[in-house]
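The following exercises concern a single protein chain. Please study the sequence and the model before reading the solutions.

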Amino acid sequence: MGRKSGTSNSIPLSFGALILQTGWGGAGLVMLVFVVSISGTYPIKLIEQIVDSAVNANSRSDILPILTGGALYILTFVIWSGAQYLLNTIYRRIEAEAGHRLRSRLFSYVLHLRPEFFSAYQTGDVTADVLKDSEITTSQFLKPVLFIAQSVTKFTFGFIFMLSIDWRMTLFVFPIGIFSAFLARNTTARVKVLATDSRNSTTTMWGIFSETIRGVREIRANIAEPAIHRKLDGASEQVAAATIREVRFNEGADAINSLFYMTVIGLIMTFGAVLVIWGHLTVGGLAAFMMYNGMLTDPVMQSVDFYREILRTRISIERLNRLFLNPRYPIQNTSPVARLEPTIRLEGVTFQYPSGPPVLHDVSLEIASGSCVAVVGGSGSGKTTLSQVISGILQPERGIVSIGGCFVNDKTLDLIRKNLTIVFQDPFLFNASFKDNILLGMPDATSEAVARAIRLSCLGPVIDSSAHGIDTLVGENGNKLSSGERQRVGLARGFLRQCSVYLLDEATSSLDSTTSRQIVSNVRDNFKNSTVIIIAHKIASIQDMDRIIVMKKGRIVADGNHQKLLDSSTEYQRLYRDQFSASDQALPTNSR
């Protein structure tokens, strides 16, 4: 049963898919756009009537058409204001709901990504993708719909009203509008390149900064502030350069478009004035036509900015889709599952990391139900990889792993993880209290169960000496605690779960030998119905175990109890000598 690459099981993001999710709200927006457009264009026609009525008035009695036109103008804009309010309110509501759906999908996906992803990508890059790109996507995806709908409706009504004023002026303006749209469209390719460069350089900079924050202790300890500052400064300089290139191009395009726009206005106004002199156009008609021209020209001028926003959104969607293409674990089923018999079997298991040599070589192993087994070996012997293969975190290149007859693979992870808990050498602690960190996987656990977990992990003295007891905050990743105290919190978290299998991967490596032995003794005495595997470096903490497995260079080289291994295994003897000096505890002569 070889390694599974995993599947994304995710429908790619697209403008169309996001728009379809708006449902009736999106349909309502289109209707409101129609109302806003007609109520925003018709008042200009009223202005034409009011101006012409004023120019042609011969007495005070001719004021009635002006007053009527003014009243209709105000009424029309009352309708426009109400429709515009509803349009903006519904738009923001749809945007907020779409943002929530996308963020929820992203959070779920990231939580189920496989370990290979987090080895390949920096935390800062992932954070930038999830936060920035999702924000850009959800704040911009409806703009194409609104822009096109508003532009089409405004253009339709405006074009009709312009024809009603003067067909010659309309035919004069129309080719200019087409040329403006063509000019705007030809800038989009360069805009996309510049926007992509700016976005990528910004993501790189914040990735480096995020890594710097996490490693600030090591930076200070190694007097590396100047070197890291130069690195950050260089990344920031690249962001500035990319931004300047983008701004220079955008502002240049805007300047050219503005010059073209003002030139067109001058030509239309001159041509219209000639028509007024010739008697083919009224003064009110010229004023209304100029206003309609501005209304219809604005979308053309705005199309440059619109295309820029669309391209930025497309870049963000492409980046999010790259995230969704990464293989992930299946989403866990929350329904109760049966307890597995804690018999563990490995047959011919081989594993290697990408672009590296094999870490496990044809490992075969059987651990009986209820056993308490230790695995020892030097650095790089494959101990941790073995534990992660058993727990399903890693999938072997070849061979099979089973627990209680159930093969460990992506399809059975829900069942495996509910029957197995693994405590790592460096457990991650959240910026919360001792209690909240212990309750991470069992939020409904009783106070008695929590107290038992604290006792088994020897965490009680640490909590008792803290200012607020179990409610004391431990800091970001437990930075208010020592490494040994963090390990005890991780052990308490693991012991709280009632599981068939417990995997302790160097989980007591930062503890003193006395505390480490006490925890191992607690495990042996209190989990008799479970199988316990202790990955250890300190032989002193596990030498009383009934079974000790010795690993070297990815292979099992010895298997037995402490005394047997001292008598027969040269590798175990070497590990023993490395940890105990001759003055502390001499190696028995019969072990040589």
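Two strands pair if DSSP finds at least two bridges between them; helices (H or I, at least four residues) and strands (E, at least two) are DSSP runs, numbered from the N terminus. The model is predicted, so local features need pLDDT of at least 70 and side-chain atom pairs count only at pLDDT 80 or more, while totals for chains, interfaces and linings use all residues. Residues are numbered from 1 along each chain as its sequence is written, and side-chain values use heavy atoms, with hydrogens and water left out.

**Exercise 1.** Determine which residue of E8 is the bridge partner of alanine 374.

*Solution.* Strand E3 (residues 372-377) pairs with strand E8 (residues 531-535) in the parallel sense, over 4 bridges. In E8, isoleucine 534 is the partner of alanine 374.

**Exercise 2.** State the order of the strands in the open sheet, then identify its edges.

*Solution.* The order of the 6 strands is E6-E7-E8-E3-E9-E10, with mixed pairing. E6 and strand E10 (555-560) each have a single partner strand, so one side of each lacks a neighbour in the sheet.

**Exercise 3.** Decide whether helix H17 is largely enclosed by the rest of the structure.

*Solution.* Helix H17 (residues 483-496) has 14 residues. Buried means under 20% relative accessible area, exposed over 50%, partly exposed in between (1.4 Å probe, protein chains only). Of the 14 residues of H17, 11 are buried, so the helix is largely enclosed. Among the buried residues are Gly484, Val489 and Phe495.

Conventions
Expected span 1.5 Å × (residues − 1).
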